[in-house]
Amino acid sequence: MTQTLEMNNAIEEVELQEKLYPIRENWHLLKLYLNDEDVQVVLNEVMTAFCEEHPPYGGRMWEPGDAPWEYTTSAYWHDKIVDMVNEDTEHSAKLKELEKDWLAKTGLDEDDLWDNDEFLQQTNLLFEKYFDKHSPQEGTIDWYKFIHGCHWINQFTAALVSKALNVEAYVLHTTTHTCATFVKDDVIYYVDVQLDWENLQELLDFLGEEVDFYPIFDELE
């Protein structure tokens, strides 16, 4: 891709490479700006806009400090976390220990034990403990993986990279997906906090035809 630059009244075409910005590898740099005031303003605005456009079940509305991943409208995170709990050997050992203690205490056989409401309550409490353990933690990249919410959360991505890298970042919006993009050292980078892409072409193929393209901040301070 080429970009036309005007320097000293002369027009110069600069060849620009296109690359996928490895956001997970560089998260240690970006996370330092998660609480930047301007970044937080964008996050709160876009998540509020999502809730207003798509009223959540139970009437829950975004509040500052909430976890974006919890607003995912599919079972993606629930299923993923449940799988991690089921694969957690410590959880399995604790569950077997709980079952053994209850069998000894009640004298019930194993089948009847799983019909006991009090025992089920204890297993649910144990499950919730490990569900929380495997849920995305605040400050991690997964905390911001608002699956199916790319049109909103990647506006936050653009704000974050703009502040962290001191670049003018843009929002690239199509009918199927939204990502952030910026130019640095004659390279156009594409950034997506929502999905992990194997390569740039995979992202570009998914994006499809451009609909809108705009800077997240008009100018850096």
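Author: A disulfide is a pair of cysteine sulfur atoms within 2.5 Å. The model discussed here is predicted.

Reader: How many disulfides does the structure hold?

Author: The test is a pair of cysteine sulfurs within 2.5 Å. Cysteine 51 is in no disulfide, with the nearest cysteine sulfur, that of cysteine 150, 16 Å away. The sulfur of cysteine 150 is too far for a bond, because the closest cysteine sulfur, in cysteine 179, is 9.1 Å from it. The number of disulfides in the structure is zero.

Reader: Is cysteine 51 buried or exposed?

Author: Buried means under 20% relative accessible area. Cysteine 51 has 1% relative accessibility, so it counts as buried.

Reader: And cysteine 150, buried or exposed?

Author: The cut-off is again under 20%. Cysteine 150 has 6% relative accessibility, so it too counts as buried.

Reader: Which helix gives the largest share of the negative patch?

Author: The patch is formed by Asp109, Glu110, Asp111, Asp112, Asp115 and Asp117. Glutamate 110 is found in helix α5. Its relative accessible area is 46%, so glutamate 110 is partly exposed. The largest share, three residues, comes from the helix spanning residues 110-113, which is α5.

Reader: How far apart in space are glycine 139 and leucine 32, C-alpha to C-alpha?

Author: Glycine 139 is found in the loop between α6 (117-134) and α7 (150-165). This glycine is buried, because its relative accessible area is 15%. In sequence, glycine 139 and leucine 32 are 107 residues apart. In space, their C-alpha to C-alpha distance is 9.3 Å.

Notes. Residues numbered from 1 in each chain as written. Predicted model: local features only at pLDDT ≥ 70, side-chain atom pairs only at ≥ 80, totals over all residues. Heavy atoms only, no water. Buried < 20%, exposed > 50% of the residue type's maximum accessible area, 1.4 Å probe, protein only. Patch = residues over 30% accessible without salt bridge, like charges linked within 9 Å, V, L, I, M, F, W, Y side chains within 5 Å. Areas by Shrake-Rupley, 256 points an atom, 1.4 Å probe, with all protein chains shown as cover. Salt bridge = Lys/Arg side-chain N within 4 Å of Asp/Glu carboxyl O. Lys, Arg positive; Asp, Glu negative; His and termini not counted. Charge placed at Lys NZ, Arg CZ, Asp CG, Glu CD. Helix = DSSP H or I, 4+ residues; strand = E, 2+ residues; numbered from the N terminus.
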